[in-house]
Amino acid sequence: MANIKVMNRVTKQELEQLYLTELKSTREIAIKYSCDKTTILDLLRKYKIPVRNKGGGGKKHVLFIEINGVQVESKECTGCKMVKPLTEYDIGTKGAGGRQPKCRLCRRSYYSENKIAILKKARAYYYKNKSQITLKRSLNYYTNKDRLLAIRREEYYLNREERQQKARKYYAFRKSIVTAKERLKRKLNPEKYRAKERERYPRRKEQRKHYHKTYYQNNQLAIKLNVKRRKTKVRELPFQLTVQNWLDIQERFGQECALSPHRKDLTMEHFIPVSWGHGGTYRGNVYPVHCRINRSKSATNPFVWAERSDVKNLIDLQKWNRLVMILAQENNLKVDEFRRFVDWCESNKRTVEQIKSDPRTSLEIWKSSSPYILNNDDIIEDF
Ligand SMILES: [Zn+2]
């Protein structure tokens with residue numbers, strides 16, 4: 001009988017060398033001695049050698065290999081049989097060193113080759129044991145709630161920027177769907193959302209206050225310009241002024257009132273009053289002045305206003321001349337032309353309906369009207 005023959009042939013030292021040191025499996029040893037693996041098992045028991053658990057041939061040992069002169073923990077992959085550093089393995093409790101038995105590449109290729117089958121199996125398992133799994137998960141969640149939430153919060157704050165960016169991107173991509181979903185939710189549960197709002201409102205009062213305050217501080221100019229835009233648009237007049245334009249204009253007047261040395265309480269003034277139905281809000285018609293000067297001028301003709309005795313004490317004549325020159329330049333007109341244009345505007349005031357019916361700007365209308373052509377003919381005749 002082969003059984004006894006083998007038993008007599010293999011010594012204890014030989015078997016220990018093969019099974020314990022070289023970590024050969026009983027099957028591999030059996031092939032070597034051309035016998036059945038149960039014979040080897042019997043032999044192991046006879047020699048009182050501890051038998052390993054079934055399957056896999058036991059854990060691979062963690063070895064040290066040298067990479068770039070550094071000793072690195074590594075082990076043999078059970079898939080490709082190559083010795084690789086532990087960092088090449090996914091974390092897992094199955095293998096040695098707290099890593100998976102197969103290297104990442106092997107696992108990945110196995111997954112991609114058997115993806116459908118794996119997913120099918122996992123899904124089948126999930127639906128078969130759904131109640132048990134969900135129970136286990138919720139139990140785990142509630143017993144470790146504080147810890148889990150703390151981890152989640154910490155993770156959120158660590159990757160806050162990235163998270164917010166992602167969320168913003170996702171929102172922009174699916175905006176209509178997201179808002180529709182949210183609206184539907186609110187429609188189905190109005191009481192719940194109202195209660196939520198009621199609870200939130202006083203709690204976030206301070207936060208809201210702070211937000212509005214900082215928003216106003218950061219966008220002060222844009223907000224003020226928007227007010228002007230609305231006022232200009234109500235009269236159907238053109239609005240062509242960016243925040244940068246207005247900053248440039250203020251810079252041009254040295255951050256001062258355009259007509260006095262005041263540096264505070266400045267407001268935007270329209271040279272041609274908006275109430276005339278002419279001009280509008282654009283570079284050639286607006287400039288910064290002190291609020292008192294603004295109030296004094298209001299809707300009067302600026303050239304008439306500037307010659308009034310009470311105004312002469314209020315404004316600087318040199319500054320006035322400079323302002324008129326700048327505005328004329330912005331409108332591509334000579335100073336006397338500009339004055340004639342303003343006078344024409346005063347004597348040809350328009351209602352909102354009239355402005356609506358003619359899309360041309362005041363300057364364009366004036367240029368195509370008789371006084372402008374007549375005057376220019378005069379000049380030509382003079383030469
Ligand atoms: Zn491998």
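Okay, ground rules. What you see is a predicted model, where local features need pLDDT of at least 70 and side-chain atom pairs count only at pLDDT 80 or more, while totals for chains, interfaces and linings use all residues. Residues are numbered from 1 along each chain as its sequence is written, and side-chain values use heavy atoms, with hydrogens and water left out.

Let's start with the metal. The zinc ion has as its protein donors the SG atoms of Cys77, Cys80, Cys103 and Cys106, lying 2.2 to 2.4 Å from it. Donors here are N, O and S atoms within 2.8 Å of the metal (3.2 Å for Na, K and Ca), and since water is not among the atoms, sites may look incomplete. The angles among the 4 donor atoms are 99 to 121°, and the site is tetrahedral; for four donors, that label asks that all angles lie between 85 and 135 degrees. For reference, the ideal angle for four tetrahedral donors is 109.5 degrees.

Along the sequence, the donor residues are spaced C-x2-C-x22-C-x2-C. Cys77 sits in the loop between β2 and β3 and Cys103 in strand β5 (residues 99-103), so this pair ties together parts 26 residues apart in sequence. Strands and helices are DSSP runs numbered from the N terminus, with at least two residues of E for a strand and at least four of H or I for a helix.

Are those two cysteines buried or exposed? Cys77 is buried, at 0% relative accessible area, and Cys103 is buried too, at 1%. The cut-offs: buried is under 20%, exposed is over 50%, partly exposed is in between, with a 1.4 Å probe and protein chains only.

Also in β5 is Gln100, buried with a relative accessible area of 14%. Leaving out residues up to four places away in sequence, Gln100 touches Lys75, Tyr89, Asp90, Ile91, Gly92, Lys94, Gly95 and Arg107; contact means heavy atoms within 4.5 Å.

Now the sheet. It is open, with 3 strands in the order β1-β2-β3 and antiparallel pairing, where pairing takes at least two DSSP bridges between two strands. At the edges are β1 (63-67) and β3 (83-85), each pairing on one side only. β1 and β2 (residues 70-76) are joined by 5 bridges. Within that pair, Ile65 stands opposite Val72, and Glu66 has Gln71 as its bridge partner. The two strands make a hairpin with 2 residues between them, and Asn68 in the turn has a positive phi of about 50°.

On to the nonpolar cores, meaning sets of buried Ala, Val, Leu, Ile, Met, Phe, Trp, Tyr and Cys residues joined through side-chain atoms within 4.5 Å. Which members of the largest core touch the most others? Out of 37 residues, they are Leu259, Phe271, Tyr287, Trp320, Phe338 and Phe341. Helix α18 (317-330) is among the elements giving two or more residues, and α18 gives the most, with 6. Trp320, setting aside neighbours within four places, is in contact with residues including Leu259, Phe271, Pro302 and Phe303. There is also a second, separate core of 15 residues, including Val6, Met7, Leu44 and Tyr47.

Last stop: Glu206, in helix α12 (residues 205-218). With 57% relative accessibility, Glu206 counts as exposed. Its C-alpha is 48 Å from that of Arg322, which is 116 residues away along the chain.

Terms used: Tetrahedral: all angles 85-135°; square planar, octahedral: opposite > 155°, others 65-115°.
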